[in-house]
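Please find below a colleague's note on the two ligand sites of this model. The points are numbered so that each can be checked against the structure.

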Amino acid sequence: MSDIQFSSDLLPQHIAVIMDGNGRWAKQRGKPRIYGHRMAVKSVRETISTASRLGIKAITLFAFSSENWKRPEEEVNVLMDLFMTVLTREVKKLHKNNLRLQIIGDKTRFSPALQKKIAAAEALTEANTGTVINVAANYGGKWDITEAVKQVAQQVSEGQLQPQDITEATISQHLSMADLPDVDLMIRTSGECRISNFMLWQMAYAELYFTDLFWPEFDEQAMLDAIAWFINRERRFGCTSEQLQSLMIQ
Ligand code: IPE
Ligand code: IPE
Ligand code: MG
């Protein structure tokens, strides 16, 4: 384990990760894509334990997008089986480490057995106070915003809310992870520089970190590198650099 320490008030509160490149990593080794998915589990474990050790408030891992159903049926089936196996195998460990697990996304498309497993894992870890681990599965940023808008429209149609009273906060309150801070740092592996319909609203002001490492190669050191990079960014939120510096002097 690395002994690098970061001052906790400089750390990102919420990290989002697009875990990409499993297939290419496997192909480079002359193996089928699913080998890459299986080997990816180790990187997930290492990322979670690093986030927990640093005291990060929340981490959201993109495991399966609403667009990934378009993949060959065999690959989708392997991913679903893997999800089920990992949930069964790892949830007790997460609970023992005081971590809270939440699955975000449209769960209705999963098999009843998987939905049951998810509900049990969420219930078991619900009261835990350590890092919140969100796994985004059958998740899409546009889906998330659409669902929020539907709920707000429902309130309007029932007369509980006037259209002119809708604010950004109204939408935020109906999104997945409404109880968590917005994403500060987004990490994507595999060299791709796109968001692929991840958390569009919650990442509005995130710092975006791209690494060429494939996801199965992403380890504790790679995560610490991303966090060190984040700490050196100047987050201006629309202000000028000079304004921020004068605020710091006051
Ligand atoms: C990410 O790796 C995992 C999922 C999207 C489920 P990929 O499977 O996208 O791997 P590449 O990008 O094809 O190499
Ligand atoms: C994004 O990866 C989704 C996940 C990591 C789960 P993809 O590999 O599906 O993204 P695109 O299609 O290349 O943008
Ligand atoms: Mg990919």
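1. Which helices each supply at least two residues of the shell around ligand 1? They are α1 and α2 (33-54), where helices are DSSP runs of H or I of at least four residues and strands are runs of E of at least two, numbered from the N terminus. The largest share, 3 residues, comes from α1.

2. Please keep in mind that this is a predicted model, in which local features need pLDDT of at least 70 and side-chain atom pairs count only at pLDDT 80 or more, whereas totals for chains, interfaces and linings use all residues. Residues are numbered from 1 along each chain as its sequence is written, chains are lettered from A and ligands numbered from 1 in the order in which they are written, and side-chain values use heavy atoms, with hydrogens and water left out.

3. The residues around ligand 1, meaning those with a heavy atom within 4 Å of it, include Met 19, Asp 20, Arg 33, His 37 and Leu 79. Among its polar contacts (pairs of N or O atoms within 3.5 Å), an oxygen atom of ligand 1 lies 2.7 Å from a backbone N or O atom of Arg 24, and a polar side-chain atom of Arg 71 is 2.7 Å from an oxygen atom of this ligand. Of the 370 Å² of accessible area that ligand 1 has on its own, the protein covers 87%, as computed by the Shrake-Rupley method with a 1.4 Å probe.

4. Around ligand 2, the shell draws most on strand β2 (residues 58-65), which gives 4 residues. Side-chain polar atoms approach oxygen atoms of ligand 2 from Arg 194 at 2.7 Å, from Asn 68 at 2.9 Å and from Arg 71 at 3.2 Å. Taken alone, ligand 2 exposes 390 Å², and the protein buries 78% of that.

5. Ligand 1 sits in the largest pocket, and ligand 2 sits in the largest pocket. A pocket here is an open set of points on a 1 Å grid over the protein atoms alone, with protein on both sides within 12 Å along at least five of seven lines, and its lining residues have an atom within 4 Å of a point; a molecule sits in it if more than half of its atoms lie within 2 Å of its grid points.

6. The unreviewed UniProt entry places the feature "active site" at Asp 20 and Asn 68, although such annotations may be inferred rather than shown by experiment. These residues are spread over 49 residues of sequence, yet they cluster in space, with a largest C-alpha distance of 12.1 Å. The lining of the largest pocket includes Asp 20 and Asn 68, and Asp 20 is found in the loop between β1 (14-18) and α1 (22-28).

Methods
Polar contact = N/O pair within 3.5 Å; in protein donor to acceptor, adjacent residues only side chain to side chain. 1 Å grid on protein atoms, 1.4 Å probe; cavity = no way out; pocket = protein on both sides within 12 Å on 5 of 7 lines; lining within 4 Å.
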